[in-house]
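Please view the sequence and the structure together before reading on.

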Amino acid sequence: MIFTKHQNAFRWVIIVASFIIVSVIMWKTYEFFQHFKHEERTKMENWSFAQTDIVNTDTNTNLDLTLKILNSNQTTPIIEVLENGEIGNHNNIDESKLTDSIKVKKLIAKFEKENKPIDVILDGKRHSTIYYGNSPLLNKLKYYPIALILIVVLFGAVIFFFYSSNKNATQNKLWSGMAKETAHQIGTPLSSLIGWTEILKSENVNPNYISEIEKDVDRLQIITERFSKIGSLPTLEMANIIEETIESYDYLKARSSDLIEFELIKPDDYIPVNLNKQLYSWTIENLVKNAIDAMKGRGKLTVEISQLENDIKVSVSDTGKGISKKHYTKIFEPGFTTKKRGWGLGLSLTKRIIEDFHDGKIKVLNSEKEKGTTIQISLKRA
């Protein structure tokens with residue numbers, strides 16, 4: 001308990017620390033972006049002053065520094081619009097865009113949104129206006145925080161899936177351990193019961209009583225074998241799925257209320273499927289018992305076997321209360337139940353048997369409130 005408590009606290013420390021680190025990096029990135037943007041603004045203002053010097057120059061003026069400033073801009077896109085509306089100097093812009101007046105207007109509007117235009121003043125009057133956009137480096141830097149967030153999200157997803165997989169592996173080990181221990185615990189009194197049955201036979205007890213006891217003992221042996229097999233990787237053998245389904249179906253039908261109307265729909269063909277017979281019969285029993293519980297012991301229960309090429313479908317339908325759509329997948333989770341006295345293990349065991357051991361699929365095919373539910377198993381033909 002102490003370890004779990006410290007482990008949870010450690011996780012929260014990591015989460016908070018990661019959030020702080022990411023926040024600081026994003027804030028520093030924003031500061032750098034603004035600083036870089038300010039430097040570009042200063043560079044563009046110097047460029048506009050150099051442009052003024054070019055206009056005011058005479059034959060005696062040394063233009064080396066001025067030309068150096070004008071030629072230093074190799075990245076920032078610039079459009080100079082003269083007072084009469086004509087395009088003056090321009091830098092780092094595709095010439096094809098400047099031949100189309102509509103494209104020029106869109107480009108100027110874009111630059112105006114990105115940066116405040118700079119007026120070139122000559123003799124107290126505005127000579128032209130310089131529109132400039134963000135440099136490629138600044139545009140890339142603008143998307144850096146988004147890339148950082150995506151990296152953090154991906155990293156978090158990897159950690160989550162790793163933790164989830166690790167948790168599932170631990171749960172599977174727990175399932176296996178509990179199943180094996182249950183089989184072991186049942187086996188001890190079961191051996192004793194078999195011995196007592198033999199003693200009763202020698203005491204001339206009514207044979208009918210002994211017969212019923214032997215049936216219950218056989219049933220306990222089947223249960224023990226089921227738990228033993230689900231606690232480890234069971235072996236599969238080729239079997240006729242119709243025959244195996246009928247066997248489980250008949251067993252439950254004989255022990256159910258007369259208020260339940262049973263129906264079995266099946267093809268006449270022999271359908272071979274690789275099965276573990278004990279675990280498959282457990283699956284059918286779980287689905288049928290759940291259907292009977294959903295109908296509260298009164299209604300119609302239909303088991304249907306169908307084949308579509310190599311896909312074998314086994315459907316169990318009832319006329320019970322139905323399942324909400326939001327619970328279609330949750331009903332197969334360990335511990336989930338809508339029953340007041342349920343453990344929420346039957347359908348999760350069924351899912352494990354079908355998907356983990358038989359490489360099949362199980363799902364809620366359809367359900368309607370107060371009209372019933374159909375759960376379908378899909379297996380491959382052998």
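Lys 201 has a relative accessibility of 38% and therefore counts as partly exposed, a class that lies between buried (under 20% relative accessible area) and exposed (over 50%), with a 1.4 Å probe and protein chains only. The model is predicted, so local features need pLDDT of at least 70 and side-chain atom pairs count only at pLDDT 80 or more, while totals for chains, interfaces and linings use all residues. Residues are numbered from 1 along each chain as its sequence is written, and side-chain values use heavy atoms, with hydrogens and water left out.

**Salt bridges**

The side chain of Lys 201 meets that of Glu 214 in a salt bridge, at 2.7 Å from N to O. This pair links distant parts of the chain, 13 residues apart: Lys 201 belongs to helix H6 (residues 144–202) and Glu 214 to helix H7 (residues 207–230). Glu 214 is likewise partly exposed, at 29% relative accessibility. Helices here are DSSP runs (H or I, at least four residues), numbered from the N terminus.

The structure holds 13 salt bridges, each defined as a side-chain nitrogen of Lys or Arg within 4 Å of a carboxyl oxygen of Asp or Glu. Three of them are set out below.

| Pair | Closest N and O atoms |
|---|---|
| Asp 356 and Arg 352 | 3.8 Å |
| Arg 126 and Asp 119 | 4.0 Å |

Asp 356 and Arg 352 both lie in helix H10 (residues 346–357), four residues apart, or about one turn of the helix. Asp 356 is partly exposed, with a relative accessible area of 48%, whereas Arg 352, at 13%, counts as buried. Arg 126 and Asp 119 also belong to a network of salt bridges that includes Glu 83. Arg 126 is partly exposed at 43% relative accessibility, and Asp 119 is partly exposed at 40%.

**The nonpolar core**

In soluble globular proteins, nonpolar side chains tend to be buried together. A nonpolar core is a set of buried Ala, Val, Leu, Ile, Met, Phe, Trp, Tyr and Cys residues joined through side-chain atoms within 4.5 Å. The largest such core has 33 residues, of which Ile 241, Val 288, Leu 301, Ile 375 and Leu 379 touch the most other members. Helix H9 (residues 277–294) gives the largest share of this core, six residues.

Beyond its neighbours within four places in sequence, Leu 301 is in contact with residues including Ile 260, Phe 262, Val 288, Ile 292 and Val 316; contact means heavy atoms within 4.5 Å.

Asn 286 is also found in helix H9 and is buried, with a relative accessible area of 13%. Leaving aside neighbours within four places in sequence, Asn 286 is in contact with Gly 346 and Thr 350. Asn 286 and Leu 349 are 63 residues apart in sequence, yet their C-alpha atoms are 8.8 Å apart in space.

**The second largest pocket**

About 560 Å³ of space lies in the second largest pocket. A pocket is an open set of points on a 1 Å grid over the protein atoms alone, where a 1.4 Å probe fits, with protein on both sides within 12 Å along at least five of seven lines; lining residues have an atom within 4 Å of a point. Of the 14 lining residues, Arg 11, Ile 14, Ile 15, Ile 159 and Phe 160 are the closest to the centre of the second largest pocket. Helix H6 gives the most to this lining, with eight residues.

Notes
Helix = DSSP H or I, 4+ residues; strand = E, 2+ residues; numbered from the N terminus. Points joined across faces, edges and corners; volume = space filled by probe spheres on them.
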